[in-house]
Amino acid sequence: MNGDTLISPQITVRLMEHFRRRYADNGEPRDTPLTERELEIARLVARGFSNTDIATELFISIGTVKTHVASVQRKVAATSRVGIAAWAWENGHVRRTG
């Protein structure tokens with residue numbers, strides 16, 4: 001609508017998996033500055049979950065999800081959810097399922 005291109009979450013997941021496979025050094029997750037909960041949130045973001053989906057999956061409020069997403073963005077120096085997803089895939093924290 002504004003000239004932006006939208007990529008569906010499913011396509012984004014496949015793209016990130018492609019780059020992870022192509023550029024991962026040993027396939028092991030790299031060290032992370034995130035707490036376990038933040039890492040869990042990052043993994044779900046990388047799999048294309050919305051804030052509502054994450055809240056439902058983890059039995060937490062949407063406000064709590066937003067707080068965690070903002071914290072993850074800051075810690076991994078991402079400017080968007082796509083940046084979080086890229087960080088998670090690039091660092092081996094997400095594996096393709098199904």
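Which backbone oxygen does the side chain of Asn91 reach? In this predicted model, in which local features need pLDDT of at least 70, side-chain atom pairs count only at pLDDT 80 or more, and totals for chains, interfaces and linings use all residues, the side chain of Asn91 reaches the backbone oxygen of Trp87 at 2.8 Å. Such a polar contact is defined as a pair of N or O atoms within 3.5 Å, where within protein one atom must be able to donate a hydrogen and the other to accept it, and where residues adjacent in sequence count only if both atoms are side-chain atoms. Residues are numbered from 1 along each chain as its sequence is written, and side-chain values use heavy atoms, with hydrogens and water left out.

The protein chain contains 5 helices and 0 strands, helices being DSSP runs of H or I with at least four residues and strands being runs of E with at least two, numbered from the N terminus. Along the sequence, the pattern of the protein chain is accordingly written α-α-α-α-α. Of the 98 residues in the protein chain, 37% are buried, a term that means under 20% relative accessible area, whereas exposed means over 50% and partly exposed covers the values in between (1.4 Å probe, protein chains only). The accessible surface of the protein chain amounts to about 6,300 Å², and 52% of this surface belongs to carbon and sulfur atoms; the areas come from the Shrake-Rupley method with a 1.4 Å probe, and for residues only the protein chains shown count as cover. Among the contacts with a separation of 6 or more, 63% join residues 24 or more positions apart, a contact being heavy atoms within 4.5 Å.

Helix H2 (residues 36-46) has as its buried residues Glu38, Leu39, Ile41, Ala42, Leu44, Val45 and Ala46. Just after H2, Gly48 takes a positive phi of about 90 degrees. The count of salt bridges comes to 2, where a salt bridge requires a side-chain nitrogen of Lys or Arg within 4 Å of a carboxyl oxygen of Asp or Glu. One of these salt bridges joins the side chains of Glu40 and Arg37, with a distance of 2.9 Å from N to O. An α-helix has 3.6 residues a turn, so residues three or four places apart point the same way. Because Glu40 and Arg37 are 3 residues apart in helix H2, about one helical turn separates them. Glu40 is partly exposed at 32% relative accessibility, and Arg37 is likewise partly exposed, with a relative accessible area of 30%.

A salt bridge is also formed by Glu38 and Lys75, whose closest N and O atoms are 2.8 Å apart. Glu38 lies in helix H2 and Lys75 in helix H4 (residues 62-75), so this pair ties together parts that are 37 residues apart in sequence. Glu38 is buried, with a relative accessible area of 5%, whereas Lys75 is partly exposed at 30% relative accessibility. Both residues are also touched by Pro33, which, when residues up to four places away in sequence are not counted, touches Glu38, Lys75 and Trp87. Pro33 has its place in the loop between helix H1 (9-23) and H2, and with a relative accessibility of 47% it counts as partly exposed. Pro33 and Val72 are 39 residues apart in sequence, yet their C-alpha atoms are 8.9 Å apart in space.

Two packed helices are described by the angle between their axes and the distance between the axes. H3 and H4 pack at an angle of about 110 degrees, with their axes 9 Å apart, the axes being lines fitted to C-alpha atoms, for helices over the stretch in contact, and the angles running from 0 to 180 degrees between N-to-C directions. H3 and H4 are therefore roughly perpendicular to each other, since angles of 65 to 115 degrees count as roughly perpendicular, those under 35 as roughly parallel, those over 145 as roughly antiparallel and the rest as oblique. The contact is made by Asn51, Thr52, Ile54 and Ala55 of H3 together with Ile62, Val65, Lys66 and Val69 of H4. Asp53 also lies in helix H3 (residues 51-58) and is partly exposed, with a relative accessible area of 39%.

In H5, the buried residues include Ile84, Trp87 and Trp89. The N-terminal end of H5 is capped by Ser80, a side-chain oxygen of which lies 3.3 Å from the backbone nitrogen of Val82. Asn91, in the segment after helix H5 (81-90), counts as buried at 13% relative accessibility. Gly92, which follows H5, has a positive phi near 75 degrees.
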